[in-house]
Structure formats: C-alpha cells, structure tokens
Amino acid sequence: GVMEDKRNIPIIEWEHLDKRKFYVFGICMTMMIRVSVYPFTLIRTRLQVQKGKSLYNGTFDAFVKILRTEGTAGLYRGFLVNTFTLISGQCYVTTYELTRKYVSRYNNNNAVKSLVAGGSASLVAQSITVPIDVVSQHLMMQRKGESMGRFKVQNQDGKRMLVFGQTKDIIVQIFKADGFRGFYRGYVASLLTYIPNSAVWWPFYHFYAEQLSSLTPKDCPHLLLQAISGPLAAATASTLTNPMDVIRARVQVEGKSSIILTFKQLMAEEGPWGLTKGLSARIISATPSTIVIVVGYETLKKLSLRPELVDSRHW
C-alpha cells in the first residue's frame with residue numbers, strides 16, 4: 001500500500017540534478033565543514049605519528065597544548081594546501097554517481113552498485129588526494145622550532161615564511177629526498193585505508209538507516225534517520241580501518257616504504273593499542289562532516305533537482 005511506499009528512502013539519481021547548483025552548494029558546504037573539523041584532522045595525524053604518548057596524552061590534551069604553544073594558527077597548519085583535496089571530493093561524487101549509472105546496466109542491486117561505485121570513486125579520489133595529503137601532513141608536523149616528521153621548514157632570518165613559502169619548501173624537500181615517487185608515498189596504504197572505508201561506509205549507512213527506520217514511528221523524518229545513521233556508519237568504518245590509517249600516516253610522514261615493516265615496528269613499540277591511535281580524534285572529525293554530508297547531500301540533491309522534476313516527486 002501507499003504507507004509502505006512512503007517509507008522507502010528515495011534514492012535520487014544523477015540525471016535528476018542541476019549540476020551547477022550541486023557543485024556550488026557542495027563546495028560552500030564542504031568548506032564550512034573543513035574549517036570546523038580541520039583541527040581534529042591535524043591532531044589525529046600528530047597522535048598517530050608520535051611515539052607512544054611522548055607529546056600528547058590524547059585528543060583533548062593535544063588540542064589544549066597546540067592552542068597554548070602555537071595558537072589557533074597551529075591548529076590550521078597545512079589547511080590551505082589541504083583545501084585542494086576539495087577537487088578530489090568533487091571527483092569522488094562524480095565518479096560515484098557515474099559508476100552507479102554504468103553498473104546499473106549490468107546489475108541493479110543497490111549494494112553491488114554502492115560497493116563498486118564507492119570503490120572506484122575512492123580510487124580516483126585517492127590518486128588526487130595522496131600527493132596533497134603527503135604535503136599537508138608534513139606541514140601539520142611542523143611545531144614551534146622543531147618537526148615531528150622527516151622535513152623541517154626553514155625559517156628565513158626568523159621572519160615567518162608565507163604560507164605557500166612553507167609549502168614550496170616542503171615540496172622541494174620531498175622531491176630532493178625521493179623524487180616524484182615521494183608524493184605517492186603511502187599510496188597503497190591510503191587505498192587500503194580509504195577504499196575499505198568508503199566501501200564499508202555505504203552498506204553500514206544503509207543498514208543503520210533501515211534498522212532505525214524499523215524502530216522509529218512512521219512519521220519520523222528521513223533526514224533525522226539519515227543524520228544518525230551517517231555518523232554511526234562513519235564511526236564503524238573508522239574503527240575498522242583505523243589500524244591501516246595509523247600505518248598510512250606513519251608511512252607518509254616518516255617516509256618509510258614498507259607497510260609490513262611499519263606495522264611490525266608499531267606492534268613492537270606500542271603493541272596492539274598502537275593501532276587505535278588517533279581513533280577518537282578521527283571519529284570526532286568524521287562525525288560533523290558525515291552529518292552534513294548526509295543531510296547536505298540529500299538536501300542538496302533536493303535543492304539541485306531540475307525544476308521540472310520538483311513537482312513530480314513527493315519528498
């Protein structure tokens with residue numbers, strides 16, 4: 001009957017969107033999220049890279065210490081470079097949607113479509129993201145007068161270098177040390193972190209949404225269910241992929257080349273708990289962005305529907 005139909009969360013497909021609106025809204029939203037969660041991204045990276053608890057005891061401790069010693073600017077090191085990953089976000093969404101469309105010719109199962117599309121989208125996004133990540137993570141590692149990573153930014157005559165001066169400095173150092181390959185350090189580790197992360201996120205998101213949907217009264221708004229299941233899925237995915245994420249950060253920052261050696265060294269130095277480093281900061285940084293992405297993505301799709309479709313659909 002009509003009642004049950006209403007319950008099925010409509011999936012808006014790519015053809016129904018006004019692309020221009022979609023990208024503009026998308027970028028503004030993403031920037032807002034980025035600014036709010038970036039400090040936690042920085043903290044997560046520092047926690048993952050530090051030896052034991054040598055510098056910070058945890059997320060909150062790191063937040064306070066960085067603020068005290070380096071000011072707000074300290075929490076935003078590498079931010080501008082990191083915003084270039086916005087491009088990869090747009091490529092991610094586009095690849096995701098186009099792959100779904102392509103797969104649906106052969107298989108209409110939503111889980112299959114989500115898995116294949118999520119995986120391909122990650123592959124494309126990571127190829128753009130990894131070099132940017134490598135550079136921005138080295139910038140995150142710069143502390144007052146020292147660095148936690150391999151490279152230290154030179155300060156010329158005590159003057160503060162311009163933002164992109166530091167960036168150029170790091171890029172030159174990476175290139176000198178490793179050549180072009182240096183920018184793809186941890187590429188495999190990144191794929192092993194983000195492809196499962198993205199592939200796991202979608203099925204869990206749908207799973208939690210369905211579970212919540214069956215537990216809540218009929219008139220409970222979809223958006224609320226989606227706003228809860230998004231972060232739940234993100235926390236689940238983050239927890240499952242965190243061990244790889246720690247290894248990825250270390251490979252990229254310390255310039256190691258072997259995932260297996262990095263893993264062995266981490267286990268030897270810090271034991272299995274070492275694999276949970278930065279997890280709470282990672283969940284904190286994932287949660288607001290996931291809520292906004294889920295609510296935003298759905299709302300965005302509604303806002304960006306081609307005008308002629310708006311009336312034909314009962315949202």
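Guide: Let's start with a word we'll need: helices (H or I, at least four residues) and strands (E, at least two) are DSSP runs, numbered from the N terminus. Keep in mind that this is a predicted model, where local features need pLDDT of at least 70, side-chain atom pairs count only at pLDDT 80 or more, and totals for chains, interfaces and linings use all residues. Residues are numbered from 1 along each chain as its sequence is written, and side-chain values use heavy atoms, with hydrogens and water left out.

Now, the cavity. Picture a 1 Å grid over the protein atoms alone: a cavity is a set of points where a 1.4 Å probe fits but cannot get out, and lining residues have an atom within 4 Å of a point. Grid points are joined across faces, edges and corners, and a volume is the space filled by probe spheres set on the points. Searching the whole structure turns up 1 cavity of 30 Å³ or more, and the volume of the largest cavity is about 1,500 Å³.

Who lines the largest cavity? There are 50 residues, with Arg 34, Gly 89, Tyr 92, Ser 289 and Ile 293 nearest its centre. By class, the lining has 23 nonpolar, 21 polar and 6 charged residues (Ala, Val, Leu, Ile, Met, Phe, Trp, Tyr, Cys and Pro count as nonpolar, Asp, Glu, Lys and Arg as charged, and the others, Gly among them, as polar). At least two lining residues come from each of α2 (19-49), α5 (85-103), α6 (110-140), α8 (187-215), α9 (222-254) and α11 (279-303). The largest share, 12 residues, is from α2.

Two of these helices, α6 and α9, also pack together, at an angle of about 75° with their axes 9 Å apart (axes are lines fitted to C-alpha atoms, for helices over the stretch in contact, and angles run from 0 to 180 degrees between N-to-C directions). So α6 is roughly perpendicular to α9, a label for 65 to 115 degrees. Touching here (heavy atoms within 4.5 Å) are Val 130, Asp 133, Val 134, Gln 137 and His 138 of α6 and Arg 248, Ala 249, Gln 252 and Val 253 of α9. That contact divides into 4 nonpolar, 3 polar and 2 charged residues.

Note on methods. 1 Å grid on protein atoms, 1.4 Å probe; cavity = no way out; pocket = protein on both sides within 12 Å on 5 of 7 lines; lining within 4 Å. Parallel < 35°, antiparallel > 145°, perpendicular 65-115°, else oblique.
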